[in-house]
Amino acid sequence: MSVGLWLVLAVSGIAVCMDFLMEKVVNSFICIGLAVGLSYQIQVGRLSGVVVYVFGIIFPFFLLLPLFAFRMLGAGDIKLFCVLGGILGWTAILKLIVCSFFLGAILSVAFLISCGNLKERGFYFFHYVCEYVKTGKQRPYMKKGKRAENFHFTVPVFLSVMLYAGGFY
């Protein structure tokens, strides 16, 4: 396994632990991850590595920004994708994002079914979309605090990284 894969496994694993313990991914950790990613890309590809690094950071930022605008995805999750993109590059981070959302959907549905509030959350989402279409005003989608429906998205990101490192996609 390459150094880059070990780096993304370490970064995403630490991010999961941080998210569960502190309910966020700390910015200083993100900065360290960005610095490590840049040094890795410079070592691997010199000037072309810097280009891979920059596109790997910019791509997930702009792709996921609309989800942050509606508070459907946290800033820490987007910053984590940027760090991982800096290490892996934009093509790999696109695959990682797609896999993470797929795994997140599966885990969310399974969690909602096991908790018995799938119907309630479906109505909440439908009402949210209808209200936005009617008024055009954005409001946070997630409810604040430690609530059962507030999902730690770092979990499917970590699972997706593990599948990627294992060669499943």
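**Overall size**

Modeller: A compact globule of 169 residues would have a radius of gyration near 15 Å, and the protein has 17 Å, which agrees. That radius is taken over C-alpha atoms, and the globule rule is 2.2 Å times the number of residues to the power 0.38. This is a predicted model: local features need pLDDT of at least 70, side-chain atom pairs count only at pLDDT 80 or more, and totals for chains, interfaces and linings use all residues. Residues are numbered from 1 along each chain as its sequence is written, and side-chain values use heavy atoms, with hydrogens and water left out.

Colleague: How many helices and strands does the protein have?

Modeller: Six helices and zero strands. These are DSSP runs, numbered from the N terminus: helices are H or I, at least four residues, and strands are E, at least two.

Colleague: Which residues of H1 are buried?

Modeller: Among them are Gly4, Leu5, Val8 and Leu9. Buried means under 20% relative accessible area, exposed over 50%, partly exposed in between (1.4 Å probe, protein chains only).

Colleague: What covers the buried residues of H1?

Modeller: The cover includes helix H2 (27-69), helix H3 (75-88) and helix H6 (154-165).

Colleague: And what follows H1?

Modeller: Glu23, with a positive phi near 65°.

Colleague: Switching to Asn27: where is that found?

Modeller: In helix H2. Asn27 is partly exposed, at 44% relative accessible area. Asn27 and Leu80 are 53 residues apart in sequence, yet 9.8 Å apart in space, C-alpha to C-alpha.

Technical notes
Contact = heavy atoms within 4.5 Å.
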